[in-house]
Amino acid sequence: MKSNSSVSKVAIIGGGLVGRLLAWRLIKQNSNIDNGISFSVNVFEKYSLSPHSSQNDKAAAFTAAAMISPMSELVASELEIYQLGQTSLTLWPHWLEQLDCPQHYHQQGSLVLAHPNDIGELQQFQRDLSYKLSEQTDAETVHILSDRQQLEAIEPAVHTHFQSGLHLPSEAHIDHDEVLQQLVIQAEVLGVNFNENCTIEPDDESLQDYDLIFDCRGMGLKADLKEQSFRGVRGEVIRIECKEITLKRPIRLMHPRYKLYIVPKPNNQFIIGATEIESEDRSSISLRSSMELMSALYAVNPAFAEARIISQDTNLRPAYMDNLPRIEKSTSAFNKPIVRINGLYRHGYLIGPALVEKAIEKAMAASL
Ligand SMILES: Cc1cc2nc3c(=O)[nH]c(=O)nc-3n(C[C@H](O)[C@H](O)[C@H](O)COP(=O)(O)OP(=O)(O)OC[C@H]3O[C@@H](n4cnc5c(N)ncnc54)[C@H](O)[C@@H]3O)c2cc1C
C-alpha cells in the first residue's frame, strides 16, 4: 500500500456477500482521517448486482436464508465458526444502523422443534449443544420450552402437535435481499465504483495498476484451483408467500434424515430450506427435496397449505474440505498483493462481518 495521505487503489473481484461487505467497510475507512490512508474501490461482478438475477451460477448470497445462528450451527461445526458468529452478531446491528436499514435486522432468537415421533433428535441436539456450550466461558442462554404453553407464548402459530422445543434467544436473521441492495447503494454514495457483468481474474493485466486485489469470487475460485481442496455444496430452497401465518423468528425442525428451517422474510414471505448435498449439480430442485421441504412447512402449520410458491432455487455453498473459511495472501502475475477470502460455506451471513474485519486488518498490516 502507498505511503500516508495517498490513495490506495483497491480492486474487489466478486460482488456477492463478501465483496459487498468489504467494499462498504473499506470505503467507510476514508472517513477515518486519523490513519492517513484513503481508498478508491472498484468492484468487478460477473453478473448483475440485482438479487433477482436469473443466472444459474449467481451469488450464493442471493439464495441464502440469512440466519445468524451461532448456537444452532455450533452442534455441527467448529468452535471458530461460533466465535466468528458471536462477533458478527454484535457487528450486524451496528452496521445496519450505519447502512440506514436497522429494520432489516431481526433478533428474536430462533426456535428448534421436533415432531413428537422425532423427539429423540431434539433431545440429542440439546445434549450436544449443552456440551459444546459448557466449554465456553461467555456461553449464551438456551431456553428449554417444556410444555405447549411455553411454546405458544413464544411462537403462537406453531401447530398444536409440537409440545416442546428450544428457544435460542440471541440468534438473529436479516432481510438479505434488502441488505444486499443497501450495501451497494450506500457504498456507491461513499464513492465505490461497481462494474456489473464484468468477469475478471486476479492475474488479469487490467489490474496491474491496482495497489491491492481482494479475491471474493466464491465458487468462481474453483476454476483456478488444481487441487481438490475446494468444492461446492448443493443447497435447495423454496420461497413462498402466505398471508395467513406470522412467524417472528426462524424455526428449525429436527429430523433423523434432514435438518430443515423456515425463515420469515418481508411481505409475508418465507424461505424453506435447505438441503445439503455433496454435489456441484446446479440443476433445478429435485421432486424429493421439494416434497420434503414442503412437508416440513405443512407440519409446522397446515394453514401453509394455501401458501403460494414464489420460487424454487438451487445454489452451491463455497467450501474448503474442512468447511472452515480462509483468508489467504499471495501475489498476482504483476506482483500485486492479493487477499483471498473464501470458504464461507453455509456461514456467510453468520461469519461475514467478523471475517471481513479480519481480512481488512490483515491486508493493512501486510501492506503498510
Ligand atoms: C441454500 C443456501 C442457504 C444458505 N443459508 C445461509 C444462512 O442462513 N446463513 C448464513 O450465514 N449463510 C447461508 N448460506 C451461505 C452464504 O450464502 C455463503 O456463505 C455466502 O454467500 C458466501 O459469500 P461469498 O461472497 O464468498 O460468495 P457469493 O455470495 O457466492 O459471491 C461470489 C460472487 O463472485 C462473483 N464472481 C465469481 N467469479 C467471478 C469473476 N471471475 N469475476 C467477477 N465476479 C465473479 C459471483 O458472480 C458472485 O456474485 C447459504 C447458502 C445457500 C446456498
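Residues are numbered from 1 along each chain as its sequence is written, and side-chain values rest on heavy atoms, with hydrogens and water left out. As the model is a predicted one, local features need pLDDT of at least 70 and side-chain atom pairs count only at pLDDT 80 or more, while totals for chains, interfaces and linings use all residues.

The ligand is a handy place to start. It is surrounded by 36 residues, the closest being E45, A60, Y345, Y349 and L350; a residue is taken as near a molecule if one of its heavy atoms lies within 4 Å of it. A polar backbone atom of L17 sits 3.3 Å from an oxygen atom of the ligand, and one of G348 is 3.1 Å from a ligand oxygen atom. For K46, a polar backbone atom is 3.1 Å from a nitrogen atom of the ligand.

Next come the empty spaces. Rolling a probe the size of a water molecule over the atoms shows where empty space is left. The search ran on a 1 Å grid over the protein atoms alone: a cavity is a set of points where a 1.4 Å probe fits but cannot get out, a pocket is an open set with protein on both sides within 12 Å along at least five of seven lines, and lining residues have an atom within 4 Å of a point. Grid points are joined across faces, edges and corners, and a volume is the space filled by probe spheres set on the points.

One cavity of 30 Å³ or more turns up. The largest cavity has a volume of about 40 Å³, and its lining is made of G15, G16, R20, E45, Y47, S48, K58, A59 and F62. E45 is also among the residues closest to the ligand.

The second largest pocket holds about 700 Å³ of space. Of its 34 lining residues, A76, Y258, K259, E276 and R346 are the closest to the centre. The lining splits into 13 nonpolar, eight polar and 13 charged residues. Here Ala, Val, Leu, Ile, Met, Phe, Trp, Tyr, Cys and Pro count as nonpolar, Asp, Glu, Lys and Arg as charged, and the others, Gly among them, as polar. Helix α5 gives the largest share of this lining, four residues.

Helices (H or I, at least four residues) and strands (E, at least two) are DSSP runs, numbered from the N terminus, and two strands pair if DSSP finds at least two bridges between them. Strand β11 (residues 230-241) is largely enclosed by the rest of the structure, because eleven of its twelve residues are buried, that is, under 20% relative accessible area, with exposed meaning over 50% and partly exposed in between (1.4 Å probe, protein chains only). β11 runs antiparallel to β15 (residues 308-320), joined by twelve bridges, and antiparallel to β14, joined by four. R239 has bridge partners S311 in β15 and I271 in β14. Elsewhere, an open antiparallel sheet has the strand order β3-β8-β4, with I68 opposite A172 in β8.

D100, not a glycine, has a positive phi of about 70°; it lies between α4 (79-98) and β4 and is exposed, at 57% relative accessible area. N268 has a positive phi near 60°, sits in the loop between β13 and β14 (269-273), and is partly exposed at 36%.

Methods: Polar contact = N/O pair within 3.5 Å; in protein donor to acceptor, adjacent residues only side chain to side chain.
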